[in-house]
Amino acid sequence: MCGIVGYVGGREATEFLVQGLRRLEYRGYDSAGVATIAPPRGIQVTKSTGRIEHLDRLLAATPSPGSIGIGHTRWATHGPATDENAHPHYGGEGAVAVAHNGVIENYQSLKDRLIAEGYRFRSQTDTEVVAHLIDSQLKRLDPAADIAAVDYQPLFRAVQLALRQLQGTYGLAILFRDYPTVLVAARLGSPLIVGVGQGEHYVASDASPLVGQTDRIVRIMDNEVALMTADKLRVVHRDQGPVRHLVSVLDADSGGAELGGFAHYMLKEIFEQPEAIRNAMRGRLDMDAATTRFGGLNLSPQQLRQAKRLILTGCGTSWHAGLVGKYQIEALARVPVEVEYASELRYSNPPLAGNSLLFAITQSGETADTLAALREIKRKGYPTMAICNVVGSTIAQEADGGIYLHAGPEIGVASTKAFTSQCTVLAMLAIYFGRLHHLGYDAGLRAVEELQELPGKVGRALETGEAVKRIAEKYAQANNFLYLGRQFNFPAALEGALKLKEISYVHAEGYPAAEMKHGPIALVDENTPSVFLIARDSVYDKVMANVQEIKARGGPVIAVVCEGDRRIRSVADDVIEVPATADFLQPIVSIVPLQFLAYYIALARGCDVDKPRNLAKSVTVE
Ligand code: G6P
């Protein structure tokens with residue numbers, strides 16, 4: 001989703017801005033732009049639809065000099081992807097330039113008022129309202145005053161007054177034609193980080209553009225406004241005055257991931273899964289007590305065993321991981337689990353039992369709906385936990401406690417290693433809660449031992465890549481797929497279908513294998529492959545019967561089965577074998593060939609795997 005960068009210092013700003021925007025590409029975008037100031041000329045904006053390469057070419061043809069600037073990648077919300085709607089936007093007649101992440105909910109009423117005041121709008125965006133609003137406040141500054149001499153306080157005040165009128169969310173980077181050494185950043189609900197360099201400051205909406213520039217950062221919090229020049233950084237609360245900002249060290253894991261010889265980030269991250277799973281488990285397996293342990297839950301075992309209902313929430317792939325978690329926790333711990341879409345939970349006001357405990361599952365820690373659901377449940381007085389990958393992200397900070405995945409940066413828009421790491425953490429939680437309740441020592445030990453073997457088994461599942469590639473090429477032109485599984489493997493079927501949709505734009509439905517009879521079976525014909533996930537578990541025979549139902553209707557069957565399964569060979573058209581593990585861990589192994597299948601079908605169809613159309617890595621709007 002949208003990304004912001006900003007720079008003020010001694011170098012040519014566009015060097016950092018363009019490089020920073022490239023680092024933010026993975027978030028998904030449809031247009032990009034930069035603005036710089038080189039006095040005496042005013043603010044120069046260069047922007048267009050399409051990729052950063054295009055913006056770079058525009059800048060090569062018509063350079064945008066200056067040692068202060070802002071940049072933006074836009075993922076369209078208000079108004080289609082056009083050059084005019086791309087950011088940065090001018091305020092007034094070029095007195096201000098603004099790059100904005102988030103959504104201004106009351107933009108229409110503000111726009112009507114600004115038009116009545118004489119402002120002329122060039123775009124259909126909600127952002128342009130912010131730019132004009134700031135300009136209208138600046139116009140009220142005393143033209144004779146030496147703003148710099150009073151620590152830019154009147155400028156701060158003008159921005160504060162404009163921000164107070166906004167409803168919605170924003171991360172903002174702002175330039176001022178008449179104060180060409182000042183860069184302002186402001187945040188409400190959309191992350192912003194300031195990087196502190198030697199005689200320079202940076203702004204970015206996530207850490208990745210800062211990697212390699214500086215490792216000293218200041219996280220701007222909601223309602224804070226940061227004003228920076230090359231040498232100075234001041235932060236004020238929008239309503240309460242100066243804030244003492246904390247300089248922290250950028251986590252070494254934070255970004256800057258390189259392709260390392262892989263064709264795409266998605267492929268690289270598929271292959272990183274054994275290591276990511278190992279990292280998720282590191283220091284958390286307790287063989288002596290036959291259980292798992294977590295350092296950051298901030299609740300005692302006594303408090304955790306009081307939790308009589310767990311609510312798992314998230315979006316997209318993280319929601320699928322939650323569904324895997326429900327099967328795992330209910331099977332091992334017998335604690336009831338509800339899995340809620342965060343976008344629904346935030347408004348549904350469900351009647352929760354007094355001793356409920358919320359886990360928000362999120363790779364980025366910034367998904368707007370997940371954050372809102374967490375805040376709502378926290379506000380009601382329930383303890384909240386985060387299962388999160390990005391260290392220091394908003395959700396990680398706001399939850400009462402949590403568990404980091406330690407999967408390393410995930411750049412591919414289609415989540416892979418975050419999913420298997422999330423499922424691994426949830427499996428560990430299932431063992432933990434199990435051991436608090438009914439799970440005996442022997443069963444606990446077996447479960448922990450199975451976990452220990454998981455990275456190796458996922459590693460062996462990676463060996464299916466070449467075989468899956470051939471299957472992908474065989475079916476690449478199909479326009480519909482069904483993904484079917486039961487019990488633990490049902491959520492994995494949903495996830496497999498989502499992967500295919502996301503990156504190859506092929507319609508795919510995930511379904512519980514037996515439920516398929518109640519509708520989706522009508523889709524089955526010789527051009528509609530069904531991908532079955534079949535484990536050697538309690539429902540093996542039942543799933544085999546479902547396979548027969550598809551074959552009886554002429555549908556091709558691709559089966560992901562456990563090694564050594566002979567029975568399937570006489571029925572399925574294509575068979576992919578993966579190592580067998582405990583039932584509660586099987587989806588973590590079996591999902592691997594489905595990730596490959598989506599990847600290779602997308603390649604065969606000529607799709608841009610790491611930058612799928614319309615999607616964003618981190619969805620920071622509602
Ligand atoms: C977007 C991404 C998905 C991701 C979802 C939730 O839709 O494209 O890959 O699963 O957001 O993101 P989160 O960061 O909260 O896990």
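Biologist: In this predicted model, where is the place of Lys232?
Modeller: Start with the strands on either side of Lys232, namely strand 12 and strand 13 (233-237).

Biologist: Is Lys232 buried, exposed or partly exposed?
Modeller: Buried would need a value under 20%, and exposed would need one over 50%. Lys232 has a relative accessibility of 47%, so that residue counts as partly exposed.

Biologist: Which residues does Lys232 touch, if we skip those up to four places away in sequence?
Modeller: Let's begin with Glu200, which is 32 residues from Lys232 in sequence but 8.6 Å away in space, C-alpha to C-alpha. As for touching, once sequence neighbours up to four places away are skipped, the residues are His201 and Leu227.

Biologist: In what order do the seven strands of the open sheet come?
Modeller: Look for the edges, where a strand pairs on one side only: these are strand 5 (89-91) and strand 14 (241-243). Neighbouring strands in this sheet are turned by 30° against each other on average, ignoring direction. The pairing is antiparallel, and the order reads 5-6-7-8-12-13-14.

Biologist: Which residue in strand 12 is the bridge partner of Arg187?
Modeller: Strand 8 (residues 183-188) and strand 12 (residues 224-228) run antiparallel, and five bridges join them. Follow Arg187 across to strand 12 and you land on Glu224.

Biologist: What does the side chain of Gln44 have 3.0 Å from one of its polar atoms?
Modeller: Gln44 belongs to strand 3 (residues 43-49). With a relative accessible area of 16%, Gln44 is buried. Its contacts beyond four places in sequence include Thr62, Pro63, Ser64 and Tyr90. At 3.0 Å from a polar atom of that side chain lies the backbone oxygen of Pro63.

Biologist: What is omega for the peptide bond from His87 to Pro88?
Modeller: Pro88 is in the loop between strand 4 (68-74) and strand 5. The bond from His87 to Pro88 is cis, with omega near 0°.

Biologist: Which side chain makes a polar contact with the side chain of Asp574?
Modeller: Asp574 is in strand 27 (residues 574-578) and is buried, with a relative accessible area of 10%. Beyond four places in sequence, Asp574 touches residues including Ile471, Lys474, Tyr475 and Ile558. The polar contact, at 2.5 Å, is with the side chain of Tyr475.

Biologist: How many of the nine residues of helix 7 (residues 273-281) are buried?
Modeller: Among the buried ones are Gln273, Ala276, Ile277 and Met281. Their cover includes helix 6 (265-271), helix 13 and helix 18 (586-604). Helix 7 is largely enclosed by the rest of the structure, because its buried count is seven.

Biologist: What is the phi of Asn298?
Modeller: Most residues other than glycine have a negative phi. Asn298 is not a glycine, yet its phi is positive. Asn298 sits in the loop between strand 17 (291-292) and helix 8 (301-305) and is exposed, with a relative accessible area of 56%. Its phi is about 60°.

Biologist: How many Å separate the centres of domain 1 and domain 3?
Modeller: The domain assignment gives domain 1 (3-252), domain 2 (262-439) and domain 3 (463-612). Taking the centres of domain 1 and domain 3 over C-alpha atoms, the separation is 46 Å.

Methods: Residues numbered from 1 in each chain as written. Predicted model: local features only at pLDDT ≥ 70, side-chain atom pairs only at ≥ 80, totals over all residues. Heavy atoms only, no water. Pairing = 2+ DSSP bridges. Helix = DSSP H or I, 4+ residues; strand = E, 2+ residues; numbered from the N terminus. Axes fitted to C-alpha atoms, helices over the stretch in contact; angles between N-to-C directions. Buried < 20%, exposed > 50% of the residue type's maximum accessible area, 1.4 Å probe, protein only. Contact = heavy atoms within 4.5 Å. Domains from an automatic or database assignment. Polar contact = N/O pair within 3.5 Å; in protein donor to acceptor, adjacent residues only side chain to side chain.
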